[in-house]
Amino acid sequence: MIEIDGATKIFGDGADAFTALKDVSVTIDSNEFFTLLGPSGCGKTTLLRVIAGFIDPTHGTVQLDGENLLDLPPFKRPVNTVFQSYALFPHLTVAQNIAFGLEMLGKPKAEIKSTVEEMLELVKMAPLADRKTSEISGGQQQRVALARALAPRPKVLLLDEPLSALDFKLRKEMQLELKRLQHETGITFIFVTHDQEEALTMSDRIAVMNAGTIRQIGGPRDIYDHPAERFVADFIGDTNFLEAELISASGDTAQIKLSSGKEVQARANPDGANAPGTVTLAIRPEHATLGPAESGLLSGTLSDVVYFGTDTHYHVDVDEGGKFVVRRQNQPEQTQSHAAGDRVGLRFPGGVSQVLRD
Amino acid sequence: MTDASTLRARGERRTRILLLTPAMLLLLLAASGPLLIVLVYSFLTPGAYGGVEWIFSPKAWFNVVAEVDFFTDELVFADAHLTVFWRSIKLSLITMLSCLIVGFPTAYFIATRPAGSRDMWMLLIMIPFWTNLLIRTFAIMELIRNQGTVNTILMAAGIIDEPIQMLFTEFAILIGMTYVYLPLMILPIYASMERLDFNLVEAGYDLYATRWKVLRKVIFPLVKPGVVAGSILVFVPCLGAYVTPRVLGGGKQLMLGNLIELQFGQLRNWPLGAALSLTLLAIVMIALVFYVRAVGKEDAGHGH
């Protein structure tokens with residue numbers, strides 16, 4: 001279990017000072033696939049490097065299973081990193097790269113040999129064991145980097161955007177592969193990415209970061225369906241934002257009055273004060289449906305119908321102002337029921353809309 | 001069509017030969033020519049007032065390693081020459097090592113500075129290199145002579161009672177040559193160090209390598225080409241060094257360069273000078289072959 005408490009990192013000083021991490025606290029369980037998700041410059045890599053030991057935080061503590069990690073230099077931490085650039089040693093072969101950590105730990109020769117073979121099998125690189133790292137492809141280098149970091153059996157594996165250099169198809173493959181490896185080895189993975197899809201498909205939990213702070217922590221479904229604030233809702237997936245009025249809230253439901261005057265139930269903000277007043281609602285495009293104008297919660301005019309293959313996006317100009325997008329999955333032999341210019345009504349079931357924190 | 005392409009290939013080859021001609025001519029005249037003259041001279045008889053007489057004699061080559069005793073006419077080893085050979089090789093090796101010991105950390109230091117200030121550091125290394133060799137040598141002399149800076153300070157501080165004799169010793173030559181040839185070590189090491197991906201250093205730390213292990217197992221193997229080049233660049237001119245041993249060794253601690261100069265100058269034995277020059281060349285070549293082979297073997301040893 002990793003416990004990070006109040007981690008703050010300030011680079012430089014005086015007028016040039018830049019706060020890369022602002023009072024970050026998070027607890028990551030053993031054997032968890034934990035993802036740090038955020039745009040570039042949000043501090044996710046800095047946090048990773050603090051755990052690895054390449055950066056000392058200005059304030060705060062980092063503990064691994066109750067042991068203070070900050071007292072240990074990087075080479076004494078039971079933590080290994082898969083670098084974004086892989087950082088494979090070009091003067092060593094694939095097998096020697098994987099053996100490096102074990103040799104540095106002074107493991108017996110026989111154990112090193114068997115572990116290296118096991119790792120080569122695990123990442124399916126056994127036939128290329130004696131190649132130089134410059135003689136294998138990007139995807140293969142990725143696997144070697146993974147095997148090298150896993151070989152010493154660290155308690156925690158840090159992965160710094162390891163898939164960003166791979167092409168689309170290979171990335172898909174490696175996503176599943178990583179999940180499999182995490183499952184098989186039982187090692188805690190801390191994965192850094194700016195790719196929301198990667199985060200959603202692989203993680204047990206995601207921490208969405210922005211400007212050096214963690215904005216929300218939760219499971220992929222939680223984060224996607226119930227974003228706590230506008231940044232999270234906007235960063236992950238597409239979202240419709242509606243200005244509305246909160247009438248009352250109890251527990252995790254809130255009674256909302258829309259700009260059309262109609263009322264609907266929404267999810268109350270998980271960690272905000274749900275005081276009556278003006279709030280922002282977030283609704284995912286696929287959670288809303290189109291119907292006759294008079295029966296909708298909101299009514300408007302269809303301005304665009306965009307066909308995407310798997311689904312179709314309907315762009316609606318809402319009568320009370322603002323735009324709304326509805327996404328419907330395309331079915332075979334479905335006839336186009338709406339066309340640009342039609343009057344339509346927007347419907348969404350109670351509880352799918354989410355009240356955002358201001 | 002085949003005809004056309006053969007014709008074109010032939011034309012291209014002619015152009016290539018034409019383009020190579022100036023360089024080949026220059027090499028022939030400026031490198032092989034003088035060497036050939038030296039080789040021919042080494043098999044001639046010394047002239048009474050310098051120069052050579054055109055009479056074939058292998059005596060000069062003979063004299064490189066042996067001499068006829070002046071009193072007994074017995075054949076003995078030219079141990080004076082051998083002493084000089086040995087001193088040259090020994091001092092060159094030690095200079096190479098001390099340049100490496102000082103130059104490697106320096107190159108590392110410069111390569112790890114922010115990109116903007118690296119040029120400034122390199123300039124500081126290069127400025128002495130652009131200064132006249134004689135002036136630099138005399139500057140070292142000023143530092144280490146008996147009434148020089150070092151002795152004066154040590155005596156004023158009460159650490160020593162009388163000056164330490166540093167000038168005109170092998171130590172003085174060593175200091176001088178290390179100082180003079182240091183940039184030749186730093187430059188190639190810095191060049192390979194600058195290309196080093198410092199992510200690899202982090203990867204080393206991450207994989208449980210201590211600082212020393214990272215240096216030995218990651219940094220050193222990757223900058224080895226620079227170390228090899230630097231060592232050769234220092235060792236070769238050291239072997240033939242003339243000015244530094246002359247000024248700082250005071251004519252007592254001869255090195256090969258001085259011995260050769262002596263033959264062409266005061267001793268008026270041009271054939272022996274020529275033979276000694278070629279011996280020097282041979283030592284350099286043999287040393288290089290050994291060095292490169294040793295380094296190459298270590299490389300191969302990295303495999304399974």
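This passage describes the two chains of a predicted model, beginning with their overall form and ending with the contact between them.

Chain A contains eight helices and 20 strands. Its C-alpha atoms occupy a box of roughly 75 × 50 × 40 Å along the principal axes. Of the 358 residues in chain A, 43% are buried. Among the contacts in chain A with a separation of 6 or more, 66% are accounted for by residues 24 or more positions apart.

Chain B is built from 12 helices and four strands. The radius of gyration of chain B is 25 Å, well over the 19 Å given by the globule rule for 304 residues, and chain B is therefore more spread out than a compact globule. Along the principal axes, the C-alpha atoms of chain B fill a box of roughly 90 × 70 × 40 Å. Buried residues account for 29% of the 304 residues of chain B. For contacts in chain B with a separation of 6 or more, 65% come from residues 24 or more positions apart.

The strands of chain A are considered next. Strand E3 (residues 33-37) of chain A runs parallel to strand E8 (residues 188-193) of chain A, and five bridges join the two. One bridge position is given by Phe33(A), whose partner in E8(A) is Phe189(A). In a regular strand, side chains alternate between the two faces of the sheet.

Antiparallel pairing is found elsewhere in chain A. Strand E1 (residues 2-11) of chain A pairs with strand E4 (residues 59-64) of chain A in the antiparallel sense, over five bridges. Here Ile2(A) has Leu64(A) in E4(A) as its bridge partner. E4(A) is also joined by two bridges to strand E5 (residues 67-68) of chain A, again with the strands running antiparallel. In this second pairing, Leu64(A) stands opposite Glu67(A) in E5(A). E4(A) and E5(A) form a hairpin with two residues between them, and Asp65(A) in the turn has a positive phi of about 50°.

A further hairpin is formed by E12(A) and E13(A), with five residues between the strands. Strand E12 (residues 253-257) and strand E13 (residues 263-267) of chain A pair in the antiparallel sense over five bridges. The bridge partner of Lys257(A) in E13(A) is Glu263(A). In the turn of this hairpin, Gly261(A) has a positive phi of about 100°.

Attention now turns to the helices of chain A. Two packed helices are described by the angle between their axes and the distance between the axes. The axes of helix H2 (residues 94-104) and helix H3 (residues 109-122) of chain A come within 9 Å and cross at roughly 130°. This angle makes H2(A) oblique to H3(A). The crossing of H2(A) past H3(A) is right-handed. The residues of H2(A) that meet H3(A) are Ala95(A), Ile98(A), Ala99(A), Leu102(A) and Glu103(A), and their counterparts in H3(A) are Ile112(A), Thr115(A), Val116(A), Met119(A) and Leu120(A).

One residue of this pair of helices can be followed in more detail. Ala95(A) belongs to helix H2 of chain A. Because 23 C-beta neighbours lie inside 10 Å, Ala95(A) counts as buried. Apart from its neighbours within four places in sequence, Ala95(A) is in contact with Val116(A), Leu120(A), Ala129(A) and Asp130(A). Val116(A) and Leu120(A) are among the residues of H3(A) that meet H2(A). The C-alpha atoms of Ala95(A) and Ala147(A) are separated by 9.6 Å, although the two residues are 52 residues apart along the chain.

The final feature is the contact between the chains. Here 17 residues of chain B are in contact with 17 residues of chain A. On the side of chain B that touches chain A, helix H8 (198-206) and helix H9 (211-239) of chain B each supply at least two residues. H8(B) gives the most to this side, with six residues.

Definitions and conventions
Residues numbered from 1 in each chain as written. Chains lettered and ligands numbered in written order. Predicted model: local features only at pLDDT ≥ 70, side-chain atom pairs only at ≥ 80, totals over all residues. Rg over C-alpha atoms; globule rule 2.2 N^0.38 Å. Buried ≥ 20, exposed ≤ 12 C-beta atoms within 10 Å, placed from the backbone. Contact = placed C-beta atoms within 7 Å. Pairing = 2+ DSSP bridges. Axes fitted to C-alpha atoms, helices over the stretch in contact; angles between N-to-C directions. Parallel < 35°, antiparallel > 145°, perpendicular 65-115°, else oblique. Left-handed = near helix turned anticlockwise from the far one by under 90°.
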